[in-house]
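Open the model in your viewer and keep the selection tool ready. Each stop below says what to select and what is there.

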Amino acid sequence: MREYELRKDENKRFADKLGVPFVDLDYNKNEWFDAVKGYEFEPERGYRCTLCFDMRFERSAYYASKNNYSVFSSTLGTSRWKNLNQINACGVRAANKYKNLTYWTINWRKNGGANRMIEISKAERFYKQEYCGCAYSLRDTNKSRVKRGLKPIKIGINYYEKY
């Protein structure tokens, strides 16, 4: 949960800087654990990720619909660790539950988008983690790191600070 709060605080800080209202759609972590039960050992980009994206996009789509937005999207697709088709499918599925709502399936990685995200992140000194934020991803990433002789990830360490 600490990882989630760190990332949320960064979003709030940037929204404040840009003068954009920040909407907090906190999720219930127990609901998340219930949703992914039985998929604890799925690999990154596996079905557990689909369940997670579905849960989060459904909440966003509901909010968007109730507040008369016609389009919503996500920056999840900037990550090279994520499957863009998987993300977009979840977003479209959530949007299709509501009349007049579209999920924008832009490929943020094209035309230098991923590099631009890194530039902005470094310039803003955003907190950057080395895993997706999921407890199971942290477990698996740390297992892999230790096997390769690396130190486990410490939550709260800003890995952009290394550069």
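Start by coloring the chain by pLDDT, the predictor's confidence in each residue, from 0 to 100. Among the elements, strand β2 (residues 102-103) has the highest mean pLDDT, 98. Helix α5 (residues 113-124) has the lowest, 88. Helices (H or I, at least four residues) and strands (E, at least two) are DSSP runs, numbered from the N terminus. The protein chain has a mean pLDDT of 90, and 96% of its residues reach 70 or more.

This is a predicted model: local features need pLDDT of at least 70, side-chain atom pairs count only at pLDDT 80 or more, and totals for chains, interfaces and linings use all residues. Residues are numbered from 1 along each chain as its sequence is written, and side-chain values use heavy atoms, with hydrogens and water left out.

Next, select helix α3 (residues 47-66) and pick out D54 within the helix. Is D54 buried or exposed? D54 is buried, at 15% relative accessible area. Buried means under 20%, exposed over 50%, and partly exposed in between (1.4 Å probe, protein chains only). Now show C90 and R93: D54 touches both, leaving aside residues up to four places away in sequence. Contact means heavy atoms within 4.5 Å.

Select C52, which is buried at 19% relative accessibility. The closest cysteine sulfur to that of C52 is in C134, 6.7 Å away, so the two are too far apart for a bond.

Finish at C132, partly exposed at 27%. The closest cysteine sulfur to that of C132 is also in C134, at 4.7 Å, again too far for a bond.

Conventions:
Disulfide = S-S within 2.5 Å.
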